[in-house]
Structure formats: structure tokens, C-alpha cells
Amino acid sequence: MLMRTDPFRELDRLAQQLMGPGTWSKPSAMPMDAYREGDEYVVAFDLPGVTADAIDIDVERNMLTVKAERRPVAKADDVQMELSERPLGVFSRQIVLADTLDTEHIKADYDAGVLTLRIPIAERAKPRKISIGVGTGHKEISG
């Protein structure tokens, strides 16, 4: 159901680690999984350490945008950081959704650092049986 792939995602991840945290004007990417489960399309984003109020989800036509911000934890004045590997800053991901998805009824849940979006498949895209009408008479074509 997704229409976009990113073959350079690992290269982007490595570059972002070297370049520093994401900003609102240049956010970092976030890892995700996408799969179909019954009559829903499920997209799960890894956002560990992000609070639910720091996540923003928008849909405009068929473009889904998820933005989140991981803020630094407040520390006391006498704390000296020895190692800091967890990325901070802004994370974002945009996905082009297929026309067969019902973007009006997206459900979002956030649990244990994973944002899960459930997007129903539109009724018009579901398989359906088409009945065949049988004619009552024969028609002859003359030429």
C-alpha cells in the first residue's frame, strides 16, 4: 500500500549520527514497519523516549507526516555527562499512502515507545462479488 521506498535509509542514519541531532528544519528519520493485517494497514514507528504530547501526526490528501521530538532529560547542576549516545532532537517521516486506504479513519496508539497507526482499507478497494445478468432473448446481428 505504500508507494515510496528509500534504499539509502541506512546511509542517512549513519550520516545523521555524524551530523548531530535533527532540528525542525532538518529532522532525522525514524525507523518504521508497515504491513497489512486483515482489513487494516498498520504502520509502526520506533520513538523510544518520546512523550505522546511531543508527537504530531498530519494527513493531507494521501501524504502522511509523523513528527516527534525527543527532548533532553533535565539534569541537576552537579551531573557530568560521561557518555551520550541516545539521539535527541526532531524526527520525521513522510509516507505517500495509496488511494485504497481510508485516511479519514486513521487510529493512533502510543505504547512502550512505539507509535502504531491503523489505517482501514477503503470499502471500494475490498474484493466484492459481481453478479452476472442473464438475457431473456437472443439477438441476431445482420450486416
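Start with the whole chain and its contacts, meaning heavy atoms within 4.5 Å: among those with a separation of 6 or more, 58% link residues 24 or more positions apart. Keep in mind that this is a predicted model, where local features need pLDDT of at least 70, side-chain atom pairs count only at pLDDT 80 or more, and totals for chains, interfaces and linings use all residues. Residues are numbered from 1 along each chain as its sequence is written, and side-chain values use heavy atoms, with hydrogens and water left out.

Now switch to a cartoon view. You'll find 1 helix and 7 strands, in the order α-β-β-β-β-β-β-β from the N terminus. These are DSSP runs numbered from the N terminus, with helices (H or I) of at least four residues and strands (E) of at least two.

Of the 143 residues, 26% are buried, which here means under 20% relative accessible area, against over 50% for exposed and partly exposed in between (1.4 Å probe, protein chains only).

Hide the surface and select Val43, Phe45, Leu47, Ile55, Val66, Ile95 and Leu115. In the largest nonpolar core, which has 20 residues, these touch the most other members. Such a core is a set of buried Ala, Val, Leu, Ile, Met, Phe, Trp, Tyr and Cys residues joined through side-chain atoms within 4.5 Å. Color strands E2 (40-46), E4 (63-70), E5 (89-96) and E7 (114-120) too, as each supplies at least two residues of this core.

Stay on strand E5 and pick serine 92. Is serine 92 buried or exposed? Serine 92 counts as buried because its relative accessibility is 14%. Its side chain reaches the backbone oxygen of valine 66 at 3.5 Å.

Last stop: arginine 86, in the loop between E4 and E5. With a relative accessible area of 60%, arginine 86 is exposed. Draw a C-alpha to C-alpha line to proline 72, and you get 9.7 Å across 14 residues of sequence.

Definitions and conventions:
Polar contact = N/O pair within 3.5 Å; in protein donor to acceptor, adjacent residues only side chain to side chain.
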